[in-house]
Every structure is written in C-alpha cells, then in structure tokens.
Amino acid sequence: MFAVRPAVGGAEGLRGIPCRERRDTTERWASALIDSGVSDLVVRGARCVATLDDQRREFADGWVAVRGGLIEAVGTGPAPAAQMTIDATDCLVTPGLVNTHHHLYQNLTRAWPGMTDQPLFGWLTSLYPLWAALDTESVHVSTWVGLAELALSGCTTSTDHLYVHPRGAGDLLGAQVGAARDLGVRFHPTRGSMSLSQKDGGLPPDDLVADDDEILTASEEAVARHHDRAWGAMTRVALAPCSPFSVTERLMVATAELAERLDVRLHTHFAENAEDDAFSLATFGCRPVDYLERTGWATPRTWVAHCVMPTDPEVRRLGAAGVGVAHCPSSNLILASGIAPIADLRAAGAPVGIGVDGSSSADSASMWLETRQAMLLAKLRSGPGVATARWALELATLGGACCLGREGELGVLAPGAVADLAVWSLTGPGYAGALADPIEAWLRCGPAAARDTIVGGIPIVREGHLVAATTLDEMLRAHRRLAARMQRLP
C-alpha cells in the first residue's frame with residue numbers, strides 16, 4: 001500500500017494546485033512515477049511511519065521516499081532504490097514538528113533567577129532592561145542556538161516572534177534569517193513591534209518602542225526582503241505587533257490592513273492571563289476577543305499565542321472566525337497563567353498548534369516536551385479520553401502547519417508535501433515493554449530527542465547530533481559570552 005506524487009519538476013509541478021485536490025491529483029499520476037528512476041533519499045525499515053495524511057495511515061515496516069525536496073512516496077515492505085538510505089529499524093518516523101510560537105533571543109536570559117515567581121506583567125517589565133542590549137550578533141547567535149535546540153527535538157519548521165528592536169541595533173530580522181539558512185531549518189520569522197510605552201499606558205520602556213508608521217514601513221520592507229511565496233519555501237514572514245498591552249490600537253488596525261494587502265499572516269499574544277483580560281477591559285473597554293474583532297484580526301489569517309482565558313462563547317467565536325492558536329503549555333504553567341481550553345478550541349474549529357515559547361519562561365525549547373505537556377494538560381482539563389498521543393502529534397504537525405497557512409505542505413508525510421521528517425528511536429530502558437503502540441510509546445515514555453531530523457530531504461541532525469557539530473561548539477562559546485554580557489555577569 002503506497003502513494004506517490006508525479007515526477008514533474010519537484011515543487012514547481014504541484015504549485016497552484018489547491019490543497020484539497022493535490023492528494024487526488026498525485027494519486028492519479030502514481031503509475032507515471034514507478035519507472036521514473038532512483039529517489040534522492042529513502043528512510044526505510046521503520047517500526048512505524050505515521051503519515052498524518054487524510055486517512056491517518058500508519059505503515060509498519062514503513063519507508064518514505066524523497067525526491068527534489070518533496071515526499072515522493074510512502075509505503076511498507078521493500079523500499080525503492082535511492083542515492084541515500086537511512087535505516088529506521090526500531091524507530092518511529094513522523095512528519096517534522098512545527099513550532100508556532102517562540103522568542104529565540106530569550107535563551108540569552110534562560111532560567112533568570114526570580115523572574116518566574118511573578119505573573120506575566122511583572123516578569124516582562126523585569127526583563128525588558130536586559131533585552132535592550134540586543135544587537136545583530138546576539139540575535140544571530142541566539143537564533144542559531146535556539147533553532148539547533150529545536151532541530152534536536154524533531155522540529156523542522158519554527159516561527160519566531162522578535163518584537164524587541166532597540167534603536168540602532170541593526171537588521172535583526174536579517175540576522176535571524178541568516179542563522180536559519182546556516183542550519184537548514186525552515187523558518188517563519190515575524191516582524192514584531194512595540195509602540196505603546198509606559199508613559200502612554202503600555203508595559204515596555206520608552207527606549208524599546210517605535211512610532212506606528214516606522215513599524216509599518218519596517219514591516220513592509222521585511223516582507224519584501226524575506227517572504228517567499230513558493231511551495232516548499234524555506235522562509236516566510238508574518239506581521240506581529242507584540243500584544244494589545246504594548247502597541248496602539250491604530251497599529252493593530254493598520255497591521256491587519258497591511259497583512260491583507262501583502263497577503264501575509266498575522267500573529268500576536270492574546271488572552272494570556274487575568275492581567276491581560278483586566279488590561280483590555282480597563283484600556284479598550286472590552287474583552288480581548290472583542291478587541292480582536294474590533295481591530296480586524298478575527299480572520300483565518302491570524303494565529304495568536306497562548307489564548308488561555310477565553311470564555312465558552314468566545315471559544316466558539318474564535319473557532320467560527322478560523323483564528324489559529326499557538327498553545328504554549330510549559331510557559332503558561334511557569335507563569336501561572338492557566339490551562340488553555342485547547343480541546344474546546346479545536347472542537348469549535350480553531351486550528352491549534354504547539355509553541356515552545358521563549359526560553360526565559362519555558363526554558364527548554366523541546367517540541368517533544370511541549371507536545372507531551374499539551375497531552376497531559378488536555379487530559380487534566382477536559383478528561384482522560386480527550387487527548388491521546390496521536391491527538392497531540394496532530395497538534396505538533398498538522399495543527400502547526402494550519403496555523404502557518406501551509407496545510408498539505410508541512411506536517412504531513414504525503415506525496416507532494418515537503419520532505420520534512422523526524423526519526424525517533426524507540427529503544428533503550430525507557431521504552432522497554434512499550435511494544436503495543438509505537439506512537440503512544442513515543443510520547444508517554446521518553447524523554448525523547450530526535451535521532452534524525454530531515455528538512456527538505458536533507459539531514460540536519462544525524463544520530464542525535466547536529467550535522468554542523470563543529471559550528472555548534474563555536475556558537476555555544478559565542479552564546480555564553482553574549483549571555484553573560486546581557487545578564488551583566490563577569
């Protein structure tokens with residue numbers, strides 16, 4: 001049993017075909033591929049290949065064939081010939097995990113003492129003065145190290161919400177894109193911003209905000225420089241005012257209009273905790289969901305981070321609007337923000353993905369850890385039968401792809417999708433006895449790191465190590481120096 005895509009010029013041959021039709025089209029052309037030659041890469045012999053395709057097929061003794069950076073075929077039994085072969089015996093193979101919310105620069109202040117003994121607003125105002133030291137070097141190095149950490153946890157695509165842009169700091173977004181390119185990670189940076197300073201009723205200090213018009217100009221320039229609309233693109237840009245408590249209402253409205261004109265996605269923090277709700281009521285005279293609607297953000301173009309505090313009717317409104325949610329379970333727990341109603345949001349029709357959030361609140365940028373945490377919290381909030389390992393895997397793959405507007409392209413092992421895979425070893429004492437179900441074993445046992453992480457058919461992690469191992473040592477030395485400087489340590 002297998003499926004194949006047509007051998008028609010790699011990604012270009014599938015561009016322009018609507019997602020719902022792409023699978024049917026490639027299946028019809030299956031016979032054209034059988035005699036088309038040797039694949040670029042085959043991952044073979046897996047205990048299980050979890051495709052996450054429309055039928056949620058899982059292949060025992062499975063294999064995945066790759067050509068031109070895309071999935072060529074998925075099947076079971078004898079694998080096709082390939083220029084490169086990866087043996088996945090005793091492994092689970094999944095689509096690469098998709099991280100929908102992060103602040104990569106925050107690994108420069110990881111586990112900063114005393115910061116997580118206070119809720120969100122106090123935590124932020126305590127750290128803003130440290131983050132004011134950001135420049136292109138510190139952003140490049142922290143992004144590189146953070147994306148490397150994510151890749152080791154099976155993440156192949158990550159977004160990032162960089163909203164701190166000190167004056168004179170340089171091209172921070174360009175520094176991020178360069179780091180992602182060096183590593184080979186698929187990257188969705190956002191052009192974040194803050195425009196409502198403390199003197200105007202916001203949270204950030206005056207030296208970390210910018211004028212609305214300046215931000216809008218920088219946002220349009222970022223899209224023009226870095227946004228790639230092609231199927232299989234390695235870089236796409238979204239527009240991301242930091243939060244309703246750090247930007248003006250004018251900027252929220254104008255950014256939504258700009259995103260519509262440029263056809264890019266929107267991202268912001270939203271309904272994070274009780275403080276966030278209180279601020280919205282006091283400042284805007286309405287609750288966060290009302291504000292989202294009022295500013296033109298309640299559309300399928302938007303995905304929001306956290307979404308901890310919506311009421312039941314608001315959950316239904318978010319689902320009806322198609323607003324996506326980046327669920328950040330560890331960060332929500334560390335800052336005592338609450339447990340987001342993820343099962344209810346999904347049932348209402350809202351796309352939900354996983355976000356590791358910044359390493360000053362979540363501390364560990366592990367997509368596996370956050371996926372497991374999401375499963376456990378959903379069981380606690382909504383009942384033990386609501387969340388299984390497969391349910392959580394969908395959040396970390398398909399849900400993330402939907403939040404980023406890349407359904408059918410990311411988060412699935414199906415013909416024509418990008419060839420982003422994670423290979424997970426299910427051996428060793430931690431998996432002893434876990435024989436009946438490899439996907440439940442993967443998430444309920446562990447802790448797990450990816451054995452191999454593959455992006456666009458190219459391994460970036462092999463046998464648990466970054467392919468660019470010598471560069472990692474160099475980057476970690478630089479990171480230690482820059483973190484000490486930011487933390488004002490000797």
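Biologist: Why is Glu-58 called partly exposed?

Modeller: In this predicted model, Glu-58 has a relative accessible area of 37%, and because buried means under 20% and exposed over 50%, with partly exposed in between, Glu-58 counts as partly exposed.

Biologist: What makes Arg-390 and Glu-58 a salt bridge?

Modeller: The closest N and O atoms of Arg-390 and Glu-58 are 2.8 Å apart, and since the rule asks for a side-chain nitrogen of Lys or Arg within 4 Å of a carboxyl oxygen of Asp or Glu, the pair forms a salt bridge. Arg-390 lies in helix α14 and Glu-58 in strand β4, so the pair ties together parts that are 332 residues apart in sequence.

Biologist: How do you know whether Glu-440 is buried or exposed?

Modeller: The relative accessibility of Glu-440 is 15%, and because the limit for buried is under 20%, Glu-440 counts as buried. Its salt-bridge partner Arg-444, by contrast, has a relative accessible area of 53%, and as exposed means over 50%, Arg-444 is exposed. Both residues lie in helix α15, four residues apart, which is about one turn of the helix.

Notes
Residues are numbered from 1 along each chain as its sequence is written. This is a predicted model: local features need pLDDT of at least 70, side-chain atom pairs count only at pLDDT 80 or more; totals for chains, interfaces and linings use all residues. Side-chain values use heavy atoms; hydrogens and water are left out. Helices (H or I, at least four residues) and strands (E, at least two) are DSSP runs, numbered from the N terminus. Buried means under 20% relative accessible area, exposed over 50%, partly exposed in between (1.4 Å probe, protein chains only).
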